[in-house]
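Me: I would like to go through this structure with you, one topic at a time. Shall we begin?
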Amino acid sequence: MSGYRLDRGGRVDRTKSVNFTWDGTRHIGYRGDTIASALMAHGVRTLGRSFKYHRPRGVSTAGVEEPGALVSLYSGEKRITNARATTTEIVEGLEVHGQNAWPSVRFDISAVNNLMGRFFSAGFYYKTFFGITGRGTWEWMQFEKIIRRAAGMGRATDRPDPDHYETVHDYCDVLVVGSGPAGLAAAETAAAAGLDVILAEQDFEFGGTLLNGITPSVGDLGAQQWLTERLSALGSAGARLWKRTTVFGLYDHGVAGLVERVTDHMANPGHLPRERLRIVRARHIVLATGAVERPFTFGNNDKPGVMLASAAQTYVNRFGVAPGREAVIATNNDTAYSAAITLAEAGIRTTLLDSRSTLPGEAAERAKAAGIAIRNAMVPVQANGPRGIASLDYGRHQTDRDLSEDRMPAEVVGISGGWTPVVSLISHRGIRPVWNDALSAFLVEDTGLEPVTMAGSAAGHFSADAALNSGEKAGEAAVAALKGQGTVAMPAPTVPWDEPLEPLWEVRDPGRKLKCFVDPQNDVTTSDVRLAHREGYVSVEHLKRYTTLGMSTDQGKMGNVIGLALMAEASGQTIPETGTTTFRPPYTPVSIGVLAGDARGKHWRPTRHTPMRAEHEKLGCVFVDAGFWYRSWYYPRGGEALGAAAMREATTVRDNVGMVDVSTLGKIMVQGPDASEFLNRVYSNAFAKLAVGKARYGLMLRDDGIVFDDGTTWRLSETDFFMTTTTANAGGVMLHLANLLQTRWPEMKVHITSVSDHWGGVAVAGPKARDVLDGACPDIEFTDQAFPFMGVRQGHMTTDEGNIPVMVGRLSFSGEKAWEVMTPADYAPAMFRSLHQRIAAVGGVLYGLEAMDCMRVEKGHVTGRELDGRTTAADMGLGGMASRKKHYIGRVLGEREDLVRDDRATLVGLIAKAPNARFKAGSILFPMGETEGHGLGHVTSVADSPQVKSWIGLGYVQGGLAQWEGKTIMAESPVDVQSCEVTVVSPHFFDPDGGRMHG
Amino acid sequence: MGRYNAFNVFWQGLTGNKGWERAWRDPDPKVKYEVIIIGGGGHGLATAYYLAKNHGIRRVAVLEKGWIGGGNSGRNTTIVRSNYMMPGNNEFYEHSLKLWENMSHELNYNVMFSQRAHVSLVFSPGHRDAGARRYNLMRTNGIDGEYWDLKRLKKEIPYLNYSDDARFRIEGAFVQPRAGTARHDAVNWGYARGADQLGVDIIQNCEVLDFVHREGRIAGVVTNRGEISADKIGLAVAGSTSTLAPKAGLGKLPIETHKLQAFVSEPIKPLINHVIVYGYGHGHYYISQSDKGGLVFGGDLDMYNSYAQKGNLPIYQDVMGCTMNILPMAGRIKVLRQWAGIMDMSMDGSPFITRTDVPGLYLNAGWCYGGFKAIPGSGWCFAHTIAKDEPHEANRRLTLDRYKRGFHIDETGGGPVPKHH
Amino acid sequence: MIRIPCPFCGMRDHTEFSYEGDATVEYPPLDASMDDWYEAVFLRDNPRGPHREYWRHLYGCGSFLEVERNTVTHEIGDVKLAHPGMRETVK
């Protein structure tokens with residue numbers, strides 16, 4: 001036991017008890033406590049275990065930079081891993097568990113790793129574990145299993161996240177990040193000038209250093225009073241004040257990513273989302289993100305009880321908790337004096353070790369007055385204790401070494417090695433901070449093109465007055481930038497201390513082997529840094545990657561600078577010569593769920609239904625995914641399976657009549673005086689002479705001569721064309737045409753409009769199609785003479801909603817006598833009902849995609865399966881269609897040598913040789929007796945053909961029909977352990993002269 | 001201490017790890033080399049290694065602008081596979097995969113190649129058929145590949161979203177068992193150390209500013225550390241090829257530079273034991289878990305030309321959505337880092353390892369987002385091409401003039417639009 | 001997020017647009033030589049720095065915009081409608 005709740009003080013609400021559990025034991029804290037403060041109040045010191053050595057880890061900070069006190073929350077589907085105890089609010093019913101330890105973080109079996117530490121130096125795993133056989137990966141993979149089990153920190157749930165998340169888009173003039181004195185001043189200045197301000201604070205309280213005693217007063221006002229007045233003024237000025245909201249990343253053009261933690265602190269969140277992603281487009285951004293204290297290293301500086309001096313101060317001042325009864329504050333600068341005084345005034349016996357020979361006069365006097373024993377030129381050398389710290393060896397500090405002198409009791413050691421401005425967010429923009437020797441800190445001197453101003457201690461203004469001033473100036477700078485009033489000169493940071501900070505990174509006693517931790521989560525020691533140097537991993541990035549320094553969940557917020565300084569020292573270079581620190585988003589870890597937002601489950605992608613959806617559903621239709629569309633797949637009768645239903649539907653269409661929903665086809669209106677010429681250029685076949693009232697099949701190529709899309713285009717008038725595209729390429733074709741008209745041929749007088757969603761359509765196909773349609777449209781005659789093949793008519797259809805407008809084309813994909821009937825989408829259900837009645841009356845069927853696919857394979861009609869972005873028109877057997885007389889997109893590059901070779905694979909039909917034998921799409925085709933290599937080609941589509949009474953297919957074969965017609969080849973599908981003899985035939989299996997559709 | 005093995009790790013551990021030597025030297029550039037490789041990424045380092053090892057050419061320098069392995073070979077999602085079907089890629093990537101299998105032994109450096117299987121999810125019958133063609137072609141060309149039906153997949157990977165709630169139902173998966181992941185930095189460092197031990201000079205912080213031509217041949221480079229002559233120069237700077245190639249005399253190339261982002265999560269105990277990928281429903285996604293415990297994952301390109309090694313929000317959101325689509329338990333796992341690499345996107349999605357029209361100049365480029373797994377094969381073939389002045393069997397199709405002939409190695413069928421690959 | 005000022009619709013996120021590549025490519029006439037077509041379709045300057053490129057305002061007005069954008073910083077310079085006639089009508 002070490003920490004305890006002080007009798008008074010702190011911002012916690014002592015009237016509001018909060019029950020929570022720690023590894024199954026019930027504890028009570030207060031509202032306003034974090035897990036760290038609440039457990040500290042109960043004397044709990046060991047909260048976690050480190051990554052590699054499983055050394056005990058306690059609370060070492062009071063903020064987001066915490067590397068050690070990581071815990072798991074809740075259990076089952078609600079489990080959250082690697083939660084920072086130092087920033088997580090306790091809430092009624094919270095379960096907190098230790099992690100990365102067995103049986104518990106107090107007694108962890110894996111702590112034996114610590115004894116092996118000398119062998120587990122940086123990068124040791126690159127030098128071993130790959131085995132002695134000298135071959136293969138099997139041996140490594142056995143070691144890997146053990147290593148993986150030992151690695152990782154918390155155990156994530158494997159059950160679906162029960163919470164939901166939401167995304168909000170926001171805009172503002174000025175986004176101020178951080179609500180300490182500088183952020184408040186900047187926000188108030190900007191808001192007072194009439195700008196729309198958002199103030200974002202990651203903490204659950206506004207105020208920054210106003211909350212923990214580091215800024216005890218501003219001017220004549222106490223911290224709390226000044227804070228209250230500022231928040232009130234900001235509220236009145238209309239600023240949006242967001243707490244529990246972390247700006248996790250800065251992106252291009254003033255766009256910031258924010259995560260608001262909405263419900264984690266609520267016992268009963270109701271229907272609220274757990275977290276909210278806010279994407280803020282800010283015209284200007286003020287980063288008043290503060291600074292984090294950094295430690296220096298000494299022996300066992302990772303033991304529970306060792307923390308930042310400012311953290312110790314925060315636990316006393318903000319949470320009313322003493323971190324221990326015996327405290328040592330060890331510093332190389334002035335700022336820790338106020339921490340020491342805070343502890344002493346709270347009744348904690350406090351000793352102050354200052355590495356410097358000369359003490360800051362006034363601060364030292366105040367410390368002495370508070371009863372603090374001060375020892376100058378003294379540093380901590382090694383912390384001792386079974387788990388947490390019980391005593392501290394300290395010694396005299398000299399420039400090149402430190403000599404142990406004595407030991408004193410200590411339950412808490414507060415370290416201050418200086419301050420690191422938080423420059424992470426501006427670093428996301430690729431701006432490199434520059435080392436400032438006087439402040440011993442990396443600062444951003446120039447934010448370049450970014451609409452960003454740095455303020456407060458983030459900009460090196462470490463005193464309250466300077467921070468406040470820089471905040472006001474940053475607010476003015478934002479106002480000036482947005483109102484076009486030029487620039488505001490930002491104040492340069494000055495050294496605020498009475499005595500200069502003495503750079504100190506590592507305490508060394510040549511007589512002792514000290515284990516000094518630079519990154520206490522990943523167990524990176526100062527020796528590891530030196531080993532990396534010895535082995536040539538000198539560049540900062542190599543150092544990070546080789547030792548894993550800064551790769552832990554805190555992303556090196558405290559340790560990176562120390563590692564860099566030690567590398568500089570080892571290389572005999574200065575810090576700026578050695579490198580700089582960089583940070584990548586997110587600033588603190590962000591849940592996957594909140595970035596996904598509502599893009600999960602059914603809502604991951606849009607769902608598209610045709611306007612006839614409800615009619616299909618009434619008739620028991622089974623749908624299938626086709627891109628984002630749900631298309632009618634088949635209409636089972638009496639428990640029919642897919643195959644049987646499709647066979648029945650296809651057979652009925654061929655024998656009688658059927659109707660299929662074709663609404664998903666892409667539809668584009670192409671209009672204008674040059675429309676005909678335009679189509680003539682984009683299709684490879686001739687279009688210029690298409691008559692009004694006629695449709696034509698067209699093949700569209702890409703610039704490189706490969707087939708892009710196919711479809712029919714209907715000429716409705718001299719200047720109006722209705723183009724259909726494949727379902728999959730609807731967007732692509734529209735884009736292609738728009739591109740040509742707007743960038744390549746702007747002189748053409750053509751307008752295109754996507755009307756895919758405006759028209760619902762069906763195809764009525766089969767020998768009785770005319771019987772069905774005859775009389776359906778009072779103003780359209782369906783005789784062969786009046787309505788020949790490829791004819792197009794506009795008129796009306798009689799339905800239960802009256803006469804509706806229709807546009808009809810006599811086209812056939814199935815190979816049957818068929819009409820495609822289009823109507824404006826709102827009328828589509830009425831059209832469907834009307835035609836369905838007529839079809840049912842003659843014994844016809846509705847058919848789905850499966851039957852349609854079967855029939856088009858029987859006809860050798862191609863779809864996306866044949867048109868896979870690698871085939872030419874000639875490959876598809878449509879080479880003859882291309883016009884020789886005109887120039888069109890894709891013609892020139894389509895004539896490149898490898899695209900016109902006569903050994904290219906071309907489209908053929910395939911029939912399974914043995915009765916009932918089946919082969920699959922995706923099979924590779926080989927000459928008999930061969931099974932290796934790329935073969936002759938592959939099978940693109942298959943169907944169980946009711947007409948051929950066999951499994952048939954389409955495929956591409958080198959040499960094509962000319963070489964293989966009538967011959968038997970093998971369709972090999974090793975992944976299905978299947979091979980099948982198939983006979984090569986014409987792809988037009990059924991009615992090759994098209995008598996059925998023409999007649 | 002040169003050799004890496006368990007005994008030396010033990011011995012050095014006992015003696016304070018003082019005996020380990022530099023993994024590679026830090027030499028000053030010499031005046032002249034036989035071969036200069038520009039670019040100290042995995043490809044450049046592997047090329048130098050194989051020039052020395054396979055061809056006895058040891059007067060070789062690798063010039064690196066920054067620190068070795070700092071480009072895409074140190075910022076990728078570490079997937080190694082050879083599930084390619086097109087002639088050109090099919091044989092090349094399998095050649096590379098075979099080299100991966102013995103790389104740790106070859107280099108005496110544990111590159112942690114973990115053949116944990118690459119599982120490519122299937123969502124519809126048509127999707128399956130397209131995959132069947134690819135995996136069948138792999139099989140008929142001697143590459144491993146198999147189909148896991150839903151029953152098998154559920155047994156192997158029980159936690160995927162198989163529920164009715166899924167937008168698209170998982171139907172099975174095509175699997176390459178020999179595929180997996182490796183430790184990217186180790187590959188770079190291992191090749192650097194191996195090349196260095198064979199006499200190659202690895203020169204960091206040496207930026208090539210211009211080229212020297214003499215008598216119609218390439219003759220050397222001008223760097224920020226002076227002029228360096230060479231008989232032959234190999235360019236292996238994917239991502240930046242277009243900025244150097246014109247200076248070398250190559251003119252415009254069939255390449256656009258695009259950026260690709262990647263993400264790593266906080267470390268968690270083993271959760272995902274395979275490489276899981278899918279490309280369906282306008283989603284493109286891949287995920288694995290590192291040995292350290294972080295989930296390593298990514299998705300689509302940013303879809304616009306960019307040389308900025310910076311991430312952005314839309315792809316971040318999209319990739320997290322793709323995660324939740326198949327791994328609905330991942331919502332509470334946190335992302336630790338987001339980063340981006342810039343890559344040569346070629347016009348058919350496939351690379352170039354080839355001689356050029358400039359005598360003495362060789363090009364290794366166009367790796368799109370697939371360069372990491374190619375490192376050993378690329379080094380092997382590029383070294384062969386440079387040493388013999390003719391391609392190796394495995395890279396003979398990876399030429400720069402193939403588009404002129406109409407020979408596209410287009411795995412997706414996306415056509416000559418780089419972002420479609 | 002890149003923000004692009006569409007002359008019709010105002011400042012919008014780049015996710016409303018689709019990127020349509022290098023705007024400096026001049027596509028040759030349909031009857032031009034194979035070499036001309038090869039160069040237009042396959043070869044790119046791919047500059048590191050300012051780049052003139054097309055973006056189509058897919059989820060907006062549908063216009064192709066000619067945008068000057070720096071490929072390193074993503075800074076947006078001049079933005080205009082790609083179609084010269086439409087450019088005249090919207091200033």
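Me: Which residues of H8(B) are buried?
Reply: In this predicted model, the buried residues of H8(B) are B:Thr241, B:Ser242, B:Leu244, B:Ala245 and B:Ala248.

Me: Where do they fall, seen down the axis of the helix?
Reply: The buried residues of H8(B) fall within an arc of 165° when viewed down its axis, so they line one face of the helix.

Me: And what follows H8(B)?
Reply: B:Gly249 follows H8(B), and its phi is positive, near 100°.

Me: Turning to chain B and chain C, how many residues does the contact take from each?
Reply: Chain B contributes 26 residues to the contact and chain C contributes 23 residues. B:Lys252, B:Tyr304 and B:Tyr307 supply 29% of the area that chain B buries against chain C, more than any other three residues.

Me: What is the area buried there, and what share is from carbon and sulfur?
Reply: About 2,200 Å² is buried between chain B and chain C, and carbon and sulfur atoms give 57% of that area.

Me: How many salt bridges and polar contacts are there across that interface?
Reply: The rule finds three salt bridges across the interface of chain B and chain C. There are also nine residue pairs in polar contact between these chains, with both residues at pLDDT 80 or more.

Me: Which elements of chain B each supply at least two residues to the side that touches chain C?
Reply: They are helix H8 (241-248), strand S12 (255-267), strand S15 (294-305), helix H9 (313-326) and helix H11 (402-405) of chain B. The largest share of that side comes from S12(B), with four residues. By residue class, the side of chain B that touches chain C divides into 13 nonpolar, seven polar and six charged.

Me: Which residue does C:Arg44 meet in a salt bridge?
Reply: The side chain of C:Arg44 meets that of B:Glu256 in a salt bridge, at 3.6 Å from N to O.

Me: Now chain B against chain A. How many residues does that contact take from each, and what area is buried?
Reply: The contact takes 120 residues from chain B and 121 residues from chain A. The area buried between the two chains is about 10,300 Å², with 55% of it given by carbon and sulfur atoms. Within chain B, the residues B:Arg167, B:Lys269 and B:Arg332 lose the most area to chain A, together 10% of what that side buries.

Me: How many salt bridges and polar contacts does it have?
Reply: The count between chain B and chain A is 10 salt bridges. Across the interface the rule also finds 75 residue pairs in polar contact, both residues being at pLDDT 80 or more. Helix H5 (residues 125-140) of chain B gives the most to the side of chain B that touches chain A, with 11 residues. The residues of that side divide into 50 nonpolar, 41 polar and 29 charged.

Me: What does B:Arg332 pair with?
Reply: B:Arg332 forms a salt bridge with A:Asp163, at 2.7 Å from N to O. B:Arg332 also meets A:Asp161 in a salt bridge, at 2.7 Å from N to O. A:Asp161 lies in the loop between helix H2 (138-150) and strand S9 (165-177) of chain A, and B:Arg332 in the loop between H9 and strand S16 (334-346) of chain B, so the pair joins two chains.

Me: Are A:Asp161 and B:Arg332 buried or exposed, and why?
Reply: A:Asp161 counts as buried because its relative accessibility is 3%, and the cut-off is under 20%. B:Arg332 is also buried, with a relative accessible area of 4%.

Me: Changing topic, what does A:Arg508 form a salt bridge with?
Reply: A:Arg508 forms a salt bridge with A:Glu569, where the closest N and O atoms are 2.6 Å apart. This pair links distant parts of the chain, 61 residues apart: A:Arg508 is in the loop between helix H9 (464-482) and strand S31 (517-519) of chain A, and A:Glu569 is in helix H12 (residues 559-571) of chain A. A:Arg508 counts as partly exposed at 27% relative accessibility, and A:Glu569 is partly exposed with a relative accessible area of 44%.

Me: Last one: how many salt bridges does the whole structure have over all chains?
Reply: A search of the whole structure finds 102 salt bridges over all chains.

Notes. Residues numbered from 1 in each chain as written. Chains lettered and ligands numbered in written order. Predicted model: local features only at pLDDT ≥ 70, side-chain atom pairs only at ≥ 80, totals over all residues. Heavy atoms only, no water. Contact = heavy atoms within 4.5 Å. Buried area = accessible area lost by both parts, 1.4 Å probe. Salt bridge = Lys/Arg side-chain N within 4 Å of Asp/Glu carboxyl O. Polar contact = N/O pair within 3.5 Å; in protein donor to acceptor, adjacent residues only side chain to side chain. Nonpolar A, V, L, I, M, F, W, Y, C, P; charged D, E, K, R; others polar. Buried < 20%, exposed > 50% of the residue type's maximum accessible area, 1.4 Å probe, protein only. Arc of directions from axis to C-beta.
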